[in-house]
Amino acid sequence: MRWALAKVAVAVTTMVALAFLVPLGLMVQETAHDRAFSSAERQAAELGPALAITTDHGALQRALASTKAGTAGLVAVHVPTAEGAFDTLGTARADAGQLAVTAAGGRSATVPVPGGYALLQPVAVDNARIALVEVFVPEAALSAGVPTAWLVLSGVAAALVVISVLVADRLGTRIVGAARRLAAAARDLGAGNLQARAPDEDRDAPPELREAAAAFNAMAERVRQLLATEREMAADLSHRLRTPLTVLRLNTAALDDSETAEQTRQAVARLEHEVDHLIRAARGRGEDETVILGCDAADVVRDRTDFWSALAEDQGRRWRVDGTGRPALVPVSRADLAAALDAVLGNVFRHTDEGVSFGVEVRRTDYAVTVRVYDSGPGIADPEAALRRGEGAGGAGSTGLGLDIARRVAESTGGELTIGRTSRGGADIRLRLRTAPAARLSGPAGECLHTPAHPLP
């Protein structure tokens with residue numbers, strides 16, 4: 001913005017300077033021209049009285065020598081003879097034709113001569129004859145002082161441009177500084193700092209930016225309040241689950257020592273652990289703490305597959321997990337990614353028969369991380385309908401929100417959720433989470449969506 005204001009200042013000031021200084025320079029040039037000819041007329045007038053008194057060559061030579069212009073060879077006197085010609089005293093530059101025309105007209109004239117102009121001034125002498133006083137005006141005299149004037153005017157124009165740029169830069173600094181502070185606050189809020197605020201009483205900022213800062217601060221406070229309310233609601237909801245979980249845990253304690261009973265007790269314990277974790281996560285984070293968006297996708301995949309493994313064993317499902325041996329950092333929170341994986345894995349258990357195997361795979365590129373969940377079931381007949389919020393596949397326990405939750409998590413990073421089929425016809429769901437700007441994803445990031453499926457166990 002500062003450069004834009006500087007360019008505008010240069011353009012406007014230059015146009016104003018040209019509008020005023022060019023006519024002023026032309027006027028200076030015209031003034032120098034008039035001054036040179038006015039001086040020539042004065043010099044001619046100095047010799048007029050001498051010609052009116054006498055035409056004696058000696059007297060006229062002395063009169064010429066007494067003037068500065070005559071001494072410099074700029075003045076000549078043309079005395080008429082009886083034959084109608086002229087006797088010339090001094091250095092003459094006008095030719096005989098120009099002298100005859102001027103004498104016949106009886107009026108002063110300016111004629112071009114080599115190196116400049118000659119002012120011919122007629123003077124009446126004895127017997128009504130006309131003598132001529134010639135004053136030479138060099139080209140240099142016509143432009144005396146003009147280059148200096150143009151140089152001074154150009155310097156004034158340059159100074160005006162520099163001053164206008166400095167003033168514009170000063171104004172631009174105020175505007176840009178306020179805009180940068182507002183942008184910095186927006187970046188901090190986007191990074192999860194709920195206490196980020198823009199200075200809305202900055203005296204250097206224009207009123208419009210102060211209003212924008214006040215609106216931003218109101219929005220940030222509203223976001224903080226909404227998040228606080230959401231955390232409380234999540235904590236309250238999780239806390240309500242403790243009562244039925246306690247009853248369920250007590251009931252499982254009364255079961256026998258069979259393998260099925262032990263698996264049930266483990267599942268209840270894990271579910272109770274998850275509820276406790278939700279309560280701690282919702283209540284433990286203070287309002288002044290920065291919300292950190294980011295987690296290790298490989299660690300989340302290991303955790304969620306361990307959680308679902310108990311149910312998989314109970315249903316006789318085989319599964320495999322690949323690509324979790326090294327970290328895969330993604331720009332989403334751990335809770336959001338876990339919810340997305342639970343939604344996708346839950347579909348496997350809900351919409352495929354018991355004994356159908358499944359797999360989870362983590363793929364990394366320089367620009368994205370792809371979490372792939374695939375199975376050996378019948379697949380998804382209508383992928384577009386499955387992604388529409390609230391539709392789902394129907395049946396008990398189906399809300400139609402699972403894949404939409406996973407899709408929104410992927411799109412929050414600029415990625416996407418795709419539904420395809422494996423080589424055996426099963427569902428192949430890929431959650432691509434971008435870790436770099438979208439402009440760089442034209443190459444390798446897209447390749448991870450077309451990798452061959454691993455054979456299911």
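**Ground rules**

I am working on a predicted model, so I note that local features need pLDDT of at least 70, side-chain atom pairs count only at pLDDT 80 or more, and totals for chains, interfaces and linings use all residues. Residues are numbered from 1 along each chain as its sequence is written, and side-chain values use heavy atoms, with hydrogens and water left out.

I started with Val8, which sits in helix 1, residues 2–53. Helices here are DSSP runs of H or I with at least four residues, strands are runs of E with at least two, and both are numbered from the N terminus. Val8, Val12, Met15, Val16 and Phe20 make a nonpolar surface patch of about 510 Å². For the record, patch residues have over 30% relative accessible area and no salt bridge, with nonpolar side chains (Val, Leu, Ile, Met, Phe, Trp, Tyr) joined within 5 Å and like charges within 9 Å. The areas come from the Shrake-Rupley method with a 1.4 Å probe, and for residues only the protein chains shown count as cover.

Next I looked up His78, in strand 1 (residues 75–80). Is His78 buried or exposed? His78 counts as buried because its relative accessibility is 0%; the cut-offs are under 20% for buried, over 50% for exposed and partly exposed in between, with a 1.4 Å probe and protein chains only.

Its side chain makes a polar contact of 2.7 Å with the side chain of Glu134. I take a polar contact as a pair of N or O atoms within 3.5 Å; within protein, one must be able to donate a hydrogen and the other to accept it, and residues adjacent in sequence count only if both atoms are side-chain atoms. Leaving out residues up to four places away in sequence, I listed what His78 touches, including Phe86, Leu99, Ala131 and Glu134. Contact means heavy atoms within 4.5 Å.

Strand 1 runs antiparallel to strand 2 (residues 86–90), and five bridges join them. Two strands pair if DSSP finds at least two bridges between them. Pro80 stands opposite Phe86 in strand 2. The hairpin has five residues between the strands, and there Gly84 takes a positive phi near 95°.

**Entry: Thr67**

I found Thr67 in the loop between helix 2 (57–65) and helix 3 (68–71). With a relative accessible area of 11%, Thr67 is buried. A polar atom of its side chain lies 2.9 Å from the backbone oxygen of Leu64. Not counting residues up to four places away in sequence, Thr67 touches Glu46 and Leu47.

Leu189 belongs to helix 6 (residues 146–190) and is buried at 14% relative accessibility.

Arg224 is 35 residues from Leu189 in sequence and 9.9 Å away in space. Val223 is 34 residues from Leu189 in sequence and 9.6 Å away in space. Val223 is in helix 7 (residues 207–240) and is partly exposed at 30% relative accessibility.

**Entry: salt bridges**

How many salt bridges does the structure hold? I have 15, where a salt bridge is a side-chain nitrogen of Lys or Arg within 4 Å of a carboxyl oxygen of Asp or Glu.

Arg372 forms one with Glu361, with the closest N and O atoms 2.9 Å apart. Arg372 lies in strand 10 (residues 368–375) and Glu361 in strand 9 (residues 358–364), so this pair ties together parts that are eleven residues apart in sequence. Both Arg372 and Glu361 are buried. I then traced a network of salt bridges that links Glu361, Arg363, Arg372, Asp428 and Arg430.

Asp322 and Arg320 meet through their side chains in a salt bridge of 3.0 Å, N to O. Asp322 is buried at 17% relative accessibility, while Arg320 is partly exposed at 27%.

My last pair was Asp404 and Arg408, whose side chains meet in a salt bridge of 3.1 Å, N to O. Both lie in helix 13 (residues 402–411), four residues apart, about one turn of the helix. Asp404 is buried with a relative accessible area of 2%, whereas Arg408 is partly exposed at 42% relative accessibility.
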